[in-house]
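Hi,

Here's the model I said I'd pass on.

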Amino acid sequence: MTVGEVREAVSAREGEVLTALGEHLTNAEIAARLFISVRTVESHVSSLLRKLGAADRRALAGLAAEQAAARAAAPPSVEPVRAPVLAALPAPLTSFIGRADERAELAAALRERRLVSAVGPGGVGKTRLALAVAAELAAADPAPFPDGVWFVDLVPVPDGATIAPSLAAALGLGEQPGASTEETVLAWLAGRTALLVLDNGEHVLDNVADLAERLLVSAPGITLLVTTRARLQLPFEWVFPVAGLSLDGDGGGGDAVSLFLARAEAAAAPVAAADRPRVERICRTLDGVALAIELAAARLPAVGLDGLEAGLTDPLHLLTGGRRAQSRHRSLRATLDWSYQLLGPEAQAVLRRIVVFARPASADAAREIAGWAPVGSREVPERLAELADHSLLVPVAAPGGTRYRALEVIRQYGVELLDETGELDRARSAHLGWAVARGAELVAEPRTADSEGRWRLRYDDLADELRAALAWAAGAGLSGGVVSPAEVAAAAALAADLAYRRGLPTEAQRRYEQAAELDPEPATAARALHRAAGCAEVRLMGFDAVRLHIRAGEKYVVAGDRVAAACSFARAAELSDRAHGTLQTVPARDEIAALLDRARELGGDDPQALARIAVAVAFGTKWWEDDGSAEVGPIIEHAVALARASNDPLAESAALDRLTTLHLSRGAARAALATAVRRIELLEPLPPDADLGFEMTDAVVMSTESALAAGELRSARRFAERSRALPMHHEIPHVGGSRYMLVTALAGDWADTLAAAELFRESWERAGRPKQGTLRRSVDAVVMVHGLRGDDAAAAEWQAVRDAIGTGNQRPQGDTRCRQVLTATLRLHRGEPRAALEEVRDDVAGFRTWSEGAWVQWYAAVQVEAHVLAGSPDAAARIARMRDVVQDNVIASTMVERAAAVLAGDAAAVLATADRFARAGSRYQQARSLVLAGDPGAAAAMAELGATYVP
C-alpha cells in the first residue's frame, strides 16, 4: 500500500494508533499514551487490520515503521469507521473457494458450543475454513461475539510454556504484577463474550487442552475454535471433521475443481472447458486436499495437464503403509514429494533448511542458515523466489523487503527431509547461532526515544526465533550432544536479558532460571538466579524473589564466592521485611535471623557484605511498634554510611529508602524528598537490567510520595508521570498511574485525574480486579473528585471499586490517613465542618509509621480548618500547635495560615493565600481561598474546575 493510500484509508485517531503500533506498544500502552480506553484501541486495531489488509499486529507495526515519516508530515484526517465488533484476523492472500455447507455448519456449531475442534489432516484447509467462518461471525448482525474474534497462530510456539504469552500478544495484553501471563489472560477474558481461534495446535496438543479447560471454566462467555490434526480428548469438546474438498463426480465441478481452476487462472494457465474432466481426476487423485491441489495447480504452467497426470499417479503406488497409510496424508505427501523432486538440488536444500525458522525469514537470514553445499550463499535469494513461484513458500511483505513463510505442513515436511538427509542438527544449530548473534546485537544497540520503536520491532521479530531455537537446544540439541549446556545457558541468559528490556519480566525470570539450571559454572548460574530474583521483585512476586536470592546464595557458596553469597542471603532477609506486601506468607523472625547469621558468617569483614547486612537490619527495625524512633536513626545512618563506602549504588539506594521512610515518619518531608531524589541520581547511570528494576521503580514512587508529603505538587506530578513511563508500568496503568491520579486530584487538575481513572479501572479489571491495598488511595482521590463535582452516582461507583480492591496484604495506616484527608476535604467543601472533624479527629502525635507521616501535614491542616469552621473553642490553640507540624509542607502551612485568617475575620489575609496556592500548583485550594474570603469570583473559579459552589 502506498503512502497516499494509507493516508486515505485511516482516520486521524487510527493514524495515531498505527504510529504507536509501529513502536510495538501494547493496547494498554497505546491507551495510556492517547488517553483513550483499551476497548477503543482494540476497535481501532481491528479497523486498521481490515482497512490496510494486514495479516496481524506485526504486519501493522511493519507498515507503520515504513510510513512513519510520511504520516508525520501529513497526518490523515478521514472520518473513523465504527466497527461494532473486533476482528483481529489475518488477511487471506487468496480468495476462499467453496465449502458453503461446512461454513454454515461450523458457524452454527460455534454459536451453540463453547469448544469446537476442527480436526483434519495437514493441508486439508482447516485454517482457511476457520478464518472464513470467524470473519463471517465477526461481521454478523447481531454480533454473537461482541467482545471480539481473535486469532492465535500456534505455529511459532515451541512448547506449552509459551502458549499463554502468544495468546496475550494476540490480545494486546502485557504482563501484570503478581500474576502469571496465563492468569492475566484468564482474568481479561473473564466476563467477556468472544471467540478465540487457536490455529495449528497439534504439536502442543496436551498444553492446548489444559489451557482450554481452564479458560472455559474461568471465562464462561468465551468460545474456542481449535484447528488441529487430532482432537483434544476433552469431554465437552465438539469435533468438527474437515474432509477434502467436494467433487461432483459428473466431470463438471465441485469445490476441488473450482479451487484448481481459480489457482490455475491466477498462474496464467487457464484450463479449457473440455479438460475439466481431467482436472477432476487429478483432484480426485489428490483426495480433494486443498494444499495438494494448490501445489499441483502452481505446476500447471510448467508441466501441463499431461505432466500433472503422469507425476501424480506413480508416487501413490509407492507411498503405502506406516505413517503414510491414511489416504489424505498419503496424497499430500505424494504431492509434496513430487513437487520436491521437480526442484533442483539447490532449491531442495533451501526448502528443507528454511523450515527451522519460526517466522517468515528474510533472504539475508536464510543465506546464513541455508547457504552451504550444495547451494551457495549468493544463490539463496534466487532459490527462495523459485520456491515461492511453485507455491512451496509464501512471500510476505515486511519492513526491509520480502520475507518467506513456510506453511505448517511444508514446515513439518521439511523437518522430515532434514532428518532423512542428516542435516537437522546442523540446520538447527546454525539457526541457534544466528538467533544468538542477532540477540547480542540487540543487547549492544543503544536505545533512545527515537530508536525505541525500531528496537521493539527488531526484538519482536526475533523473539519467536530465540524461543524456537532454545526449545530445540534444551531438548534434542542438548541431549544429542550438538550443543553444550554452557552454550544453551548462555543463549537462555541472553534471551532473558532481551525479554526483561522488552518489559517481559515473567519470561525473563523463566529464562534466567533455565540458564541457571543448565549452566555448569556455579558462578554464572548464581548470577542468573540473582537476576531471576530481580525479575520476581519487579513482578511483585516477593515469595519468588526471596526463594531465588536464597538459591543464588547457595550457588555462590558452591562457586566459592562467599561475599556474593552473603549479599544474597542478606538481600533475602531484607526483602522479607521490605517487600511485606508482595509476600504470600511473611517469613518468621527466626528464619530472617538465620539468613542474617549465615550472611555474617560468610561475609566476614567485607565492606559490601557488611553494607548489605546493615541494610537488612535497618529494614528489620520497626520503630512504630515500640516507639523506638530515637534509637533507629543511628542504625539507618550506619547502613547508609556502609553502603556508600562499599561503592554499591543498589545497596546505597536500599539504605536511603529506609532513611526516607524514617524522615517521613518524623514529618521531615523535605529531608525525605532530598533522600528519595538522591536514589534516582544514583541509579540513573546504571544499565537497565533486572538488578535495577525494583530499586528504580521504588525510588520514583518514593520521590512522588515525599513530594506529596512536602506539598510540592509540581514535583510530585513530574515523578508520577515518570512512574507511568517506567517500562514495567506500561502495561499496568492501574499501578503506574495510581499516584498520578492522587497528585492531580489534590492539585485540581481533575480532567487529568478522570482520564487516568478510566485507564486505571480498565487496567485493573483486565488484571483480574486484584486486591492491592496500595491502590486504594488513588480510588479515594477519584471518589473525592466526583464528590467535589457533585456527581454522587459516579462517586458511588468508585467507592464500589475501592471496596473490591480491599486491603490485600498491605499495612493500612497510610491509606487510612489519606482517605480521611480526602473525605474531610469533601466535607469541608460541602460546608460540613463537623462531619469533617469526625473524619480527622485523631491526635497527629500518635502517627508513627512512615505512611502516616507522609500524610500528617495534610491531616493537620484539614483538621485545623475543620475546627475553625466548626467554631471549636480551642481553634486558636490548635493553630499555634499545628504550625510546627506543617512547616515542611508549603500547601498545608498555607492552609493553616488561611484558617488563622478566617478565625481572625481577616478577609484580605484569606484572599492573599490564593496567590500562594497558585504558586504552589494547587488550583483547588486557590479557588477555595476565594470561597472562604467571600470573593465575587469564587463561583467562577469553582465552575472553571468543574466543582460545585457552596458559599
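Below is what came out of going through it.

Ground rules first: this is a predicted model, so local features need pLDDT of at least 70 and side-chain atom pairs count only at pLDDT 80 or more, while totals for chains, interfaces and linings use all residues. Residues are numbered from 1 along each chain as its sequence is written, and side-chain values use heavy atoms, with hydrogens and water left out.

**Overall**

The protein has 48 helices and nine strands; these are DSSP runs numbered from the N terminus, with helices being H or I of at least four residues and strands E of at least two. Of its 951 residues, 58% are buried, where buried means under 20% relative accessible area, exposed over 50% and partly exposed in between (1.4 Å probe, protein chains only). Taking contacts (heavy atoms within 4.5 Å) between residues at least 6 apart in sequence, 70% join residues at least 24 apart.

**Cores**

A nonpolar core here is a set of buried Ala, Val, Leu, Ile, Met, Phe, Trp, Tyr and Cys residues joined through side-chain atoms within 4.5 Å. The largest one has 120 residues, and Phe260, Ile354 and Leu384 touch the most other members. Helix 13 (residues 290-311) gives this core its largest share, 10 residues. Beyond four places in sequence, the contacts of Phe260 include Val271, Cys283, Ile293 and Leu308. There's also a second, separate core of 93 residues, with Ile680, Val743, Val862 and Ala947 among them.

Three strands form an open sheet in the order 7-9-8, with antiparallel pairing. Strand 7 (361-362) and strand 8 sit at the edges, each pairing on one side only. Two strands count as paired if DSSP finds at least two bridges between them; strand 8 and strand 9 (residues 401-405) have five. Pro395 is opposite Tyr404 in strand 9.

His390 lies in the loop between helix 18 (380-389) and strand 8 (394-398). It counts as buried because its relative accessibility is 16%. Leaving out residues up to four places away in sequence, His390 touches Leu295, Ala298, Arg299 and Leu343.

Cheers
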